[in-house]
Amino acid sequence: MVIFLAEFFLFSSLGSGFSHLISFPPFKIFISAGICFFYTLIFREMLRLKLKPVHIIAISCPVPVLSTIIYAMPDSAFKIWLFYSIRQIWVLFLCAAYFIILKKHPEPHFYGRKFRKMMTVYTTFIFLILAEDSFAIPNMKIVGNIIPWLNERNIMEDIMTIVVLVMVAKLVLDNQKENRQIRESILAAALEDRNVLTRRNLEIENELQALKAQIHENNKADEAYETAFINRYGLTAREADVLRLMIAGKSNPEIADELYISAGTVKFHAHQIYEKTGCQRRSQLIVLYSSGISKNA
């Protein structure tokens, strides 16, 4: 950048011509190409464009190519002005493209809109830089005599750099603040969701506990009713076992397998149960037993 900002106010007269005022031209052309390349990258990021590397190079290359051609021109004030102004003209086209794309996206949430103020200031400074060069370069001898100590190519360009850097710093700080607020809101929402989930889990746990308690009470009531039924009809312990499985819907072979007794013994106990309860068949026994449960409930 020191080489790029090399100075023509070191000379108080045009003397031997204009070529000596373009010091280190290869370096300036190279640095100008790099600046254009990074400007294009910034342009892509500001507008969230999907530009491939080949597109970025194609957009950036006109400035170094034209600068090389301009340097080969005959010495003149216009040559100096054109050599130093070609990049500013290219930047103006880039700024114009920015505002055209911005106009096509009027929605407030469009990402590139946050840079509008900075781009407006930047575009204004580009015009001021071109105006200063247009006055200073043809009048280098006069300007050099008035300000002989000046060692910068363009005052407006230096002021623009400072202003834009301040605006970029503010954008960065505002973006950090916005990101911090977004993170805090996301964290608050996550904590709220966790609290809601915790409360819901507690409600479910309480419901499960209540259900378990209800089931326990029902089981106790069923056991009490079963004991009362057995005592009421004078059933033996084995008959009570058979009754319990008959009510559960088990067949005689299944009851025999579960109680490790023969099918004949099951039939005998079933007959005894029918006799004691006054039932003729299993369906009547189930209805009798279930009717008592309903009344008990």
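**Entry 1: ground rules.** I number residues from 1 along each chain as its sequence is written. Because the model is predicted, I take local features only at pLDDT of at least 70 and side-chain atom pairs only at pLDDT 80 or more, while totals for chains, interfaces and linings use all residues; side-chain values use heavy atoms, with hydrogens and water left out.

**Entry 2: overall make-up.** I looked up the secondary structure and found 11 helices and zero strands. Helices (H or I, at least four residues) and strands (E, at least two) are DSSP runs, numbered from the N terminus. I read the order from the N terminus as α-α-α-α-α-α-α-α-α-α-α.

I then checked burial: 32% of the 297 residues count as buried. Buried means under 20% relative accessible area, exposed over 50%, and partly exposed in between, with a 1.4 Å probe and protein chains only. The protein exposes about 18600 Å², and carbon and sulfur atoms supply 66% of that area. Accessible areas come from the Shrake-Rupley method with a 1.4 Å probe; for residues, only the protein chains shown count as cover.

For contacts (heavy atoms within 4.5 Å), I took those between residues at least 6 apart in sequence; 68% of them join residues at least 24 apart.

**Entry 3: nonpolar cores.** A nonpolar core is a set of buried Ala, Val, Leu, Ile, Met, Phe, Trp, Tyr and Cys residues joined through side-chain atoms within 4.5 Å. The largest has 33 residues, of which Y98, Y122, I126 and M160 touch the most other members. Two or more residues come from each of α1 (25-47), α3 (62-71), α4 (77-104), α5 (116-136) and α7. I noted that α4 gives the largest share of this core, 13 residues.

Leaving aside neighbours within four places in sequence, M160 is in contact with Y122, F125, I126 and I129. Apart from this core lies another, of 21 residues, among them Y233, V242, L245 and L259.

**Entry 4: salt bridges.** I find 10 salt bridges in the structure. A salt bridge is a side-chain nitrogen of Lys or Arg within 4 Å of a carboxyl oxygen of Asp or Glu. Side chains of opposite charge can pair when their charged atoms come close.

- K79 pairs with D75 at 3.2 Å, N to O. K79 is buried, with a relative accessible area of 2%, whereas D75 is partly exposed at 40%.
- R199 pairs with E192, with the closest N and O atoms 3.7 Å apart. R199 is partly exposed at 43% relative accessibility, and E192 is partly exposed at 41%.
- K276 pairs with E239, with the closest N and O atoms 2.8 Å apart. This pair links distant parts of the chain, K276 in helix α10 (residues 263-277) and E239 in helix α8 (residues 237-247), 37 residues apart. K276 is partly exposed at 30% relative accessibility, and E239 is buried at 4%.

I also noted a network of salt bridges that links E226, R238, D241 and R244.

**Entry 5: surface patch.** I204, L208, L211 and I215 form a nonpolar patch on the surface, with about 330 Å² of accessible area together. Patches are made of residues with over 30% relative accessible area and no salt bridge; like charges are joined within 9 Å, and nonpolar side chains (Val, Leu, Ile, Met, Phe, Trp, Tyr) within 5 Å. I placed L208 in helix α7 (residues 155-233). L208 is partly exposed, with a relative accessible area of 40%.
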